[in-house]
Amino acid sequence: MWVPTLDEGHATVSGRLLDALRRDIDNGTLPPGTRLPPHRELAHRLGIGIGTVTAVYGEAARHGLLNATVGRGSFVADRRTSATTADAGAAPIDLARNLPPSAPAQRRLSAVLARLSRRGDMASLLDYAPPAGQERHRQAAAGWIRRVGGLGDARADRMVITDGAQQAMLYALGALCRPGDTVLTESATYFGVRSIAQTCDLRLVGLDMDEQGIRPDALERAAQTGARVLYTMPTLQNPTGRTMGDARRRDIAALASRHGLWIVEDDLYSAFAAGFAPPPLASYAPNRTLYINGTSKALAPGLRTGYLILPDAELLDRVLRQVRAHVYAPCSIGPTIACQWMEDGSADEIVAEISEELAARGDIARLVLGDLFVPPADRRCPHLWLPLPELDAERIAARAMRAGVQVTPPSAPLIEPRLISGIRLCLGPAADRAQLRTALDRLAGGLDADHPEPAAAVV
């Protein structure tokens, strides 16, 4: 059994364990395919908490170090690249991280910084902001969410600005849940929710999906078990790209009301579905929905600006207590840039340019991959879903890495692998369309090598 030596170079136990895992993979102590010890056994051997081991294994899987399969365990991933299929020594082409194409924001960065430098109030940004964020920033964000996100009653006085949407999710679940509580979600979902659940000792239950996302009958059954919280992404769902229609949203809202469920709605991709998707779930269940939006997917991830809108004053107060305890106040620099772009119209222009680029990249994927992926609900979706049996997905992801293409670890988004499995491809992080085409050609070669059939039963 692998029992690592934890050096003192990192401040936290989880950091030291992750460093040891990286070191032993890099030096060959843990060759590709090695099965790691079960979480509980390693925690016992090292004298640390099982939650620490779970969090480290999850982080390692997110970075492509491990492949984790429910029921089989965690295995060291094969990260070696092949000089016959990829440029020797070159970094792999990134199709793993869900980032927007960066050029539209980069072109406007110098201008916005110059404009802000001429403002007379810039020195105030060096002081603490109010715990909910600057009033001007919240007002601009509320207007932008009403216009771009489709939430007609977005209220600045119920909004908390956070350091990214991930932090907004942490605050929302922290306001609603206690350790050991169950959170319902899609059978495949955003990996960050899994990280929060592992850290906060929450149990995730994945619900069966169809082409519109969560099935009402699955939610009906799960709600009867006593769960109190549903986390969902109804628009361009990550990783599948599915979108709930109007009738489905009404059904989900009605079920939440009937069973006393709180809804945590992640609406990060709504900017790319404007004119296509119905209003957010928060419009259908305003008294039961904690609504999340932000700039990471629509403008630029480096702004680290998220928005959490609470349905009532009591939940707002709970979140503000968390803010004071965790960070005291949100950062002001990123929200200031976002606010300026929202006020002068640049944010809308950036979204429009990113949307156009994503549509063009989606067309390239359609040309290269044909019907191997399930078309997302809107052609501007920044991620694609290739439904595949779980073992095929793991094998193809490893083959893609050897060919110089990094995809999201197939196990990362899966909550219920028996219901769904596949590979997520992110269209945004490739440097340009030519690099994306190269990556997709290499990936298609790996698919052709096995001729796997799309897993129709899981979609």
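A nonpolar core, as the term is used here, is a set of buried Ala, Val, Leu, Ile, Met, Phe, Trp, Tyr and Cys residues joined through side-chain atoms within 4.5 Å. Keep that in mind as we walk through this structure, which is a predicted model.

Let's start on the inside. The largest nonpolar core has 97 residues, and the members that touch the most others are Ile-145, Leu-308, Trp-341, Leu-369, Leu-425 and Leu-440. Helix H13, running over residues 346-369, supplies the largest share of this core, with nine residues. Pick out Trp-341 and look around it: leaving aside residues up to four places away in sequence, it touches Ala-105, Arg-108, Leu-109, Val-112, Leu-299, Leu-303, Ser-346, Ala-347 and Ile-350. There is also a second, separate core of 20 residues, with Leu-184, Ala-218, Ala-223 and Ala-256 among them.

Now go to strand E15, residues 422-426. This strand is mostly covered, with five of its five residues buried. Its partner is E13, residues 383-387, and the two strands pair in the antiparallel sense over five bridges. If you want a landmark for the pairing, find Trp-385, which stands opposite Arg-424 in E15.

How many cavities of 30 Å³ or more does a search of the whole structure find? It turns up two. The largest cavity holds about 130 Å³ of space. Its lining is made of 13 residues, and those nearest the centre are Gly-64, Asn-67, Ala-77, Ala-397 and Met-401. Helix H14 (390-402) and strand E14 (405-407) are the elements that give two or more residues to that lining. Sorted by class, the lining of the largest cavity comes out as eight nonpolar, three polar and two charged residues.

The second largest cavity has a volume of about 30 Å³. Gly-362, Arg-366, Phe-373, Pro-376, Arg-379 and Leu-384 line it. By class, that makes three nonpolar, one polar and two charged residues.

Next, the backbone. Most residues other than glycine have a negative phi, and most peptide bonds are trans. Although not a glycine, Leu-236 has a positive phi of about 50°. Is Leu-236 buried or exposed? Its relative accessible area is 0%, so Leu-236 is buried.

Tyr-328 is another residue other than glycine with a positive phi, here near 70°. You'll find Tyr-328 in the loop between helix H11 (313-326) and helix H12 (333-344).

One last stop is Gly-152, in the loop between helix H5 (135-149) and strand E4 (159-162). Gly-152 has a relative accessibility of 55%, so it counts as exposed, the cut-off for that being over 50%. For a sense of distance, go back to Val-112, one of the residues that Trp-341 touches. Gly-152 and Val-112 are 40 residues apart along the chain, and their C-alpha atoms are separated by 28 Å.

Definitions and conventions:
Residues are numbered from 1 along each chain as its sequence is written. This is a predicted model: local features need pLDDT of at least 70, side-chain atom pairs count only at pLDDT 80 or more; totals for chains, interfaces and linings use all residues. Side-chain values use heavy atoms; hydrogens and water are left out. Buried means under 20% relative accessible area, exposed over 50%, partly exposed in between (1.4 Å probe, protein chains only). Helices (H or I, at least four residues) and strands (E, at least two) are DSSP runs, numbered from the N terminus. Two strands pair if DSSP finds at least two bridges between them. On a 1 Å grid over the protein atoms alone, a cavity is a set of points where a 1.4 Å probe fits but cannot get out, and a pocket is an open set with protein on both sides within 12 Å along at least five of seven lines; lining residues have an atom within 4 Å of a point. Grid points are joined across faces, edges and corners, and a volume is the space filled by probe spheres set on the points. Ala, Val, Leu, Ile, Met, Phe, Trp, Tyr, Cys and Pro count as nonpolar, Asp, Glu, Lys and Arg as charged, and the others, Gly among them, as polar. Contact means heavy atoms within 4.5 Å.
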